[in-house]
Amino acid sequence: MIDGCGRTIDHLRLSLTDYCNLACRYCVPDDAAPCGQMIDEEFAFQVVRWLSTRHGIRYLRLTGGEPLMYAPLHRLTRRLAELGTLREITLTTNGQALGHQAESLAAAGLLRVNVSLDTLRADRFSRVTRGGDLDHTLCGIKAAVRAGLAPVKINVVAQRSFNDNEIANIAEWGLSHGCVVRFLEVMPIGPLAHVADKHLVPASEILERLSERFTLRAIPGSLGQPATDYAVSGNGMRGVVGIIAATTRPFCDRCRRLRITSRGRIVACIHDGTGFDLAEFWDGSELCVHDADEVLSRALRGKPKEGPRRQSLAMVSLGG
Ligand code: SAM
């Protein structure tokens with residue numbers, strides 16, 4: 001698939017639900033209406049089959065909301081893996097329920113996981129997630145490593161006055177547990193765009209804080225792909241950390257992504273609120289691919305060159 005700006009689109013982020021068992025303060029608005037939309041399993045399967053067999057989607061990331069709260073997740077993963085059209089099926093999770101699901105997800109055909117972990121302090125974890133249990137996520141990460149969902153990537157959203165003094169500690173914890181640790185600049189998304197203005201820790205500062213403890217060497221070819229990866233060593237440890245500078249160094253010119261929300265809308269750009277409804281071409285048992293092709297082509301033509309920052313959805317509804 002080539003979009004209107006000549007970019008190849010081969011990555012799909014599929015949001016299985018907009019329900020999350022946590023409610024991170026930068027992701028879920030204070031006044032968010034309770035959500036609980038679960039994508040229809042057969043619809044999700046047929047959408048991925050359509051996009052991977054007819055349109056070249058090769059990399060699928062299952063997300064949400066919280067994808068581990070989606071009851072048919074294991075069966076859907078197995079069916080998608082058996083399609084044989086995808087190079088990778090990966091998943092992004094808060095890890096709260098990963099401890100007891102990691103092994104069976106790996107058996108179902110999941111290749112890797114990214115686990116969100118913004119702090120190693122239980123009180124802060126509970127505060128930023130509005131009630132999460134740090135130990136559950138740490139256990140989930142260890143279970144994912146044991147299950148071979150490797151490399152397990154830890155996603156850390158760096159936030160001023162919250163975890164900026166923990167950056168090196170989190171890197172150290174992740175590396176010592178065999179994970180790749182990726183630091184994300186907070187992005188201005190939808191109703192929580194102001195959080196980025198207030199709490200952004202730029203990539204340059206993340207790098208500085210890591211350099212105080214580790215020696216870092218940029219891995220050639222990784223610059224902004226979208227992470228810039230570094231080989232790190234120090235404190236008796238070696239491994240890889242990445243920095244995703246989506247706010248200070250946007251990678252729109254290299255964006256290869258399309259999103260489908262749990263409500264069945266195609267979102268071509270994370271910063272653009274224009275959605276294209278696929279659900280209307282679903283009769284409860286069959287996706288009308290002819291009509292879906294047409295709406296897909298409109299979405300691709302309309303994918304902006306750069307994020308226009310007119311998104312109305314929060315990340316939890318978009319599928320981060
Ligand atoms: N519930 C899962 C989780 O917590 O990983 C998956 C969904 S969550 C929306 C996906 C990722 O988006 C998480 O790593 C989260 O930290 C990140 N995220 C959410 N809001 C963000 C923002 N404003 N800026 C940067 N990353 C954000």
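User: What counts as a salt bridge here, and which residue does E88 pair with in one?

Analyst: A salt bridge is a side-chain nitrogen of Lys or Arg within 4 Å of a carboxyl oxygen of Asp or Glu. This is a predicted model, where local features need pLDDT of at least 70, side-chain atom pairs count only at pLDDT 80 or more, and totals for chains, interfaces and linings use all residues. Residues are numbered from 1 along each chain as its sequence is written, and side-chain values use heavy atoms, with hydrogens and water left out. At 2.7 Å between the closest N and O atoms, the partner of E88 is R112.

User: How many residues apart in sequence are the parts that this pair ties together?

Analyst: Helices (H or I, at least four residues) and strands (E, at least two) are DSSP runs, numbered from the N terminus. E88 sits in strand β3 (residues 88–93) and R112 in strand β4 (residues 112–116), so the pair ties together parts separated in sequence by 24 residues.

User: Is R112 buried or exposed?

Analyst: Buried means under 20% relative accessible area, exposed over 50%, partly exposed in between (1.4 Å probe, protein chains only). E88 has 22% and counts as partly exposed. R112 has 10%, so this residue is buried.

User: Which residue meets R7 in a salt bridge?

Analyst: R7 is buried, at 7% relative accessibility. The N to O distance is 2.6 Å, and the partner is D3.

User: Which helix holds both E205 and R209?

Analyst: Their side chains meet in a salt bridge at 3.3 Å, N to O. E205 is buried at 16% relative accessibility, while R209 is partly exposed at 27%. The two are 4 residues apart, or about one helical turn, in helix α8 (residues 203–211).

User: Which residues are linked in a network of salt bridges?

Analyst: The structure holds 17 salt bridges. A network of them links E41, E42, R75 and R79.

User: What radius of gyration does the chain have?

Analyst: The radius is taken over C-alpha atoms, and the globule rule is 2.2 Å times the number of residues to the power 0.38. For 320 residues, a compact globule would come out near 20 Å. The chain agrees with that, at 19 Å.

User: What share of the contacts with a separation of 6 or more joins residues 24 or more positions apart?

Analyst: Contact means heavy atoms within 4.5 Å. The chain has 10 helices and 12 strands. Of its contacts with a separation of 6 or more, the share from residues 24 or more positions apart is 73%.
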